[in-house]
Amino acid sequence: MLGYLAWWVSGGLMLIVERRDRFVRFHAAQSLTVLGAMWLLGALVYGLAFAILSVSAAGFVTMLWLAMGIWAAGVGVWIACLVRVFRGEPWRIPLAAGLADRLAASRSSSAPRL
């Protein structure tokens with residue numbers, strides 16, 4: 001659950017810290033990919049809204065609402081991830097699960113054995 005707690009930031013930290021537990025590594029990588037992508041997309045649209053402001057006030061408002069919608073969807077996905085992992089239910093988010101599998105496997109195989 002810690003991998004999802006602070007969006008993609010905690011996912012990245014857990015991916016670095018955890019070396020052995022495949023379940024934790026998968027969810028940390030999934031947090032990093034899904035929530036990180038949603039955050040980045042929202043930030044890009046938000047920045048684009050301010051770039052459009054000098055051209056069109058209506059375009060600015062539209063892009064601002066789009067950015068808020070993306071971040072609201074991100075909060076929804078974040079809450080769903082927290083609830084599912086708290087219950088111990090496996091949840092593979094489409095498109096991100098494959099990348100998360102590769103990220104989780106790549107670092108755990110190169111981890112030093114203690």
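**Reading contacts, cores and charges in a predicted model**

Guide: Setting aside neighbours within four places in sequence, tyrosine 4 is in contact with Ser10, His27, Gln30, Ser31, Leu35, Trp78, Cys81, Leu82 and Val85. Keep in mind that the model is predicted.

Visitor: Which residues make up the largest nonpolar core?

Guide: The general idea comes before the case. In soluble globular proteins, nonpolar side chains tend to be buried together. Here the largest nonpolar core has ten residues in all: Tyr4, Trp7, Val34, Leu35, Met38, Cys81, Leu82, Val85, Ile93 and Ala96. Helix 3 and helix 4 (57–87) are the elements that give two or more residues to this core. There is also a second, separate core of seven residues, among them Phe60, Leu64, Ala67 and Ile70.

Visitor: His27 was in the contact list of tyrosine 4. Is histidine 27 buried or exposed?

Guide: Histidine 27 has a relative accessible area of 6%, so it counts as buried; the cut-off for that class is under 20%. Histidine 27 is found in helix 3. Apart from neighbours within four places in sequence, histidine 27 is in contact with Tyr4, Val85 and Trp91.

Visitor: Which residues form a nonpolar patch on the surface?

Guide: The patch consists of Trp39, Leu40 and Leu44, and together these have about 310 Å² of accessible area. Tryptophan 39 lies in helix 3, which covers residues 22–52. With a relative accessible area of 38%, tryptophan 39 is partly exposed.

Visitor: Now the charged side chains. How many salt bridges does the count come to?

Guide: Again, the general idea first. Side chains of opposite charge can pair when their charged atoms come close. In this model the count comes to two salt bridges. One joins the side chains of glutamate 89 and arginine 84, at 3.6 Å from N to O. In the other, glutamate 89 meets arginine 87 at 3.8 Å, N to O. The cut-off is a side-chain nitrogen of Lys or Arg within 4 Å of a carboxyl oxygen of Asp or Glu, so both pairs qualify.

Visitor: What do salt bridges that share partners make of Arg84, Arg87 and Glu89?

Guide: Arginine 87 has a relative accessible area of 60% and is exposed. Shared partners join Arg84, Arg87 and Glu89 into one network of salt bridges. Glutamate 89, at 29% relative accessibility, counts as partly exposed. Arginine 84 is also partly exposed, with a relative accessible area of 33%.

Terms used: Residues are numbered from 1 along each chain as its sequence is written. This is a predicted model: local features need pLDDT of at least 70, side-chain atom pairs count only at pLDDT 80 or more; totals for chains, interfaces and linings use all residues. Side-chain values use heavy atoms; hydrogens and water are left out. Buried means under 20% relative accessible area, exposed over 50%, partly exposed in between (1.4 Å probe, protein chains only). Patches are made of residues with over 30% relative accessible area and no salt bridge: like charges are joined within 9 Å, nonpolar side chains (Val, Leu, Ile, Met, Phe, Trp, Tyr) within 5 Å. Accessible areas come from the Shrake-Rupley method with a 1.4 Å probe; for residues, only the protein chains shown count as cover. Helices (H or I, at least four residues) and strands (E, at least two) are DSSP runs, numbered from the N terminus. A nonpolar core is a set of buried Ala, Val, Leu, Ile, Met, Phe, Trp, Tyr and Cys residues joined through side-chain atoms within 4.5 Å. Contact means heavy atoms within 4.5 Å.
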